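These are my notebook entries on what I looked up in one structure. I kept each entry to one topic and wrote down what I found.

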Amino acid sequence: MRYGRIMIITLMACLLAGSYLESSWAGVSAEEAKQLKSTLTPFGALRAGNADGTIPAWKGGYTQIPDGFEKNRPHIDPFADDKPLFTITAANMEQYAENLSAGQKGLLKKFPDTYSLKVYPTRRSHAAPDWVYENTFKNATRAEITEDGLGVTNAFGGIIFPIPKSAEEVMWNFLSRWRGSFVTYNFDNIIIPGSGKYFISSSSLVSDKNPLYDRELGFEGYNAQEIPIVYCTVNQYTGPPRKKGEIILAMDPLNLKDHSRLAWQYLPGQRRVRRAPTVSYDTPNTGAQGLMTYDDVYMYNGCFDRYDWKLIGKKECYIPYNCYQQEQKRPIEEMYPANHPNPEYWRWELHRVWVVEATLKEGKRHVYAKRVFYLDEDSWMIPMRDIYDAQGSLWRTAYNALKNAYELPGVVEIPTVYIDFYTPEYIVNQSPINYEGLLDYDTENTADFWSPENIRRLGKR
């Protein structure tokens, strides 16, 4: 039995019926979509480089698998011979200010003696399989978004809006980003207090599935479901003892207008599964000691309904890219000392990004008053994000180590660093592959894995 059929049964059993999308806005014209095969990349980025040559033209990305690479082992850095072009510090940051985010400037000012950005040659390494490119091209003209931006229809197998016209479409491109159809990996939340003596607040075995990229379902099968799902995850906590055995199952519908997140939680102390509507929005993430909200994970997840979204446009920014150093086996305390990650192991490159601003709607509640996102034009990943409090002050910043997982191929994000300007501690979401962890893009879980019944079975093992 395939995933789609199981999903229908599961969701109908939960009495989640509802009308589908109304008042949709159609995609671009066929003539405009032709740009994806000429001046734009298949994902909608500008193929050309910039005027001064500091951003090169996109020529297909990096698709080779280096000699000696083994799956489920650290990636071999294909750009290991690159040398830094220059280093941005608190002393010279004004020279590069127009290409820095507020968060980067804030860190340089707060830690002038220890924080810096080592800038390397720009490598536009993003690539994806041809079938993903083909579906992205089709989505350009067939995908539709609701007038309020909360729902999508007629999309499948690729970036939904490769030629976006609104902030919501840009963010849907992030939610539909290509990072493989499924993946299973080990995951640690590492907290580094002001003392620099780290501790692991939680460890998990995580399985993610992106049903939008289920090739066996295809366009017709995916869109024929009662409630198409864009993303689902099963998070099995393996530590510490107080959380071991807890499991969370969460699914995000493609139509967030009519159907909110579907989430269930297994608590070993109660030995039962219950609905978990609070696993969303600004509920503190208990696995991260409250230093993150649930919708902080992956920089953003869930519905757009609590914010007014504004598309600022494109700009050139220094972002973490081709960061293979994070996978190499080094002591955690060396990579993540007090105050901020060790700049020695981060690679920054100049890339074009989409900038999106989200401001809390009047009458809506969220601990974050404003969020600013920077999206890589090539991959639609979010490499950086800034958070503001109700007084308009910069509160938190975060950045992702992007790299091409060439076995897919595709740019993926991990680790992610979350820094709070009001506290002396920060948190790192780190896959411990360099400590014999798991990273599996090949072994797909069976259809019944993604169900409340299954997490009950998993929890009772």
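This is a predicted model: local features need pLDDT of at least 70, side-chain atom pairs count only at pLDDT 80 or more; totals for chains, interfaces and linings use all residues.

Where does Glu444 lie? I found Glu444 in the loop between strand 19 (439-440) and helix 8 (452-459). Its side chain meets that of Lys209 in a salt bridge, with 2.7 Å from N to O. Because Lys209 belongs to strand 7 (residues 199-209), this pair ties together parts that are 235 residues apart in sequence.

Entry on salt bridges. How many salt bridges does the structure hold? I wrote down 24 for the structure. As a reminder to myself, side chains of opposite charge can pair when their charged atoms come close. I then looked up Glu377 and Lys314, which form a salt bridge whose closest N and O atoms are 2.7 Å apart. Glu377 lies in the loop between strand 14 (370-376) and strand 15 (384-388), while Lys314 lies in strand 12 (residues 307-320), so this pair ties together parts that are 63 residues apart in sequence. Are these two partners buried or exposed? Glu377 is buried at 2% relative accessible area, whereas Lys314, at 33%, counts as partly exposed. Both residues also belong to a network of salt bridges that links Arg124, Lys314, Arg352, Glu377 and Asp378.

Entry on strand 9. I went through strand 9 (residues 247-253) and noted that seven of its seven residues are buried. Both faces are covered, with Ile247, Leu249, Met251 and Pro253 on one side and Ile248, Ala250 and Asp252 on the other. Which strands pair with strand 9? Strand 8 (residues 229-239) pairs with strand 9 in the antiparallel sense over seven bridges, and I noted that Tyr231 stands opposite Asp252. Strand 10 (residues 262-267) also runs antiparallel to strand 9, and five bridges join these two; here Ala250 has Ala263 as its bridge partner. I came back to Asp252 for its side chain, and found that it forms a salt bridge with Arg261, with the closest N and O atoms 2.7 Å apart. Both Asp252 and Arg261 are buried.

Entry on two loop residues. Asn322 lies in the loop between strand 12 and helix 7 (332-335), and at 1% relative accessibility Asn322 counts as buried. What does Asn322 touch, leaving out residues up to four places away in sequence? I listed Phe79, Arg123, Ser125, Arg347, Glu349, Leu402 and Lys403. With Ser125 there is also a polar contact of 2.6 Å between the side chains. I then turned to Thr278, which is found in the loop between strand 11 (272-275) and strand 12. Not counting residues up to four places away in sequence, Thr278 touches Thr283 and Tyr294. Finally, I looked up the separation of Thr278 from Ala97, 181 residues apart along the chain, and noted 39 Å between their C-alpha atoms.

Key. Residues are numbered from 1 along each chain as its sequence is written. Side-chain values use heavy atoms; hydrogens and water are left out. Buried means under 20% relative accessible area, exposed over 50%, partly exposed in between (1.4 Å probe, protein chains only). Helices (H or I, at least four residues) and strands (E, at least two) are DSSP runs, numbered from the N terminus. Two strands pair if DSSP finds at least two bridges between them. A salt bridge is a side-chain nitrogen of Lys or Arg within 4 Å of a carboxyl oxygen of Asp or Glu. A polar contact is a pair of N or O atoms within 3.5 Å; within protein, one must be able to donate a hydrogen and the other to accept it, and residues adjacent in sequence count only if both atoms are side-chain atoms. Contact means heavy atoms within 4.5 Å.
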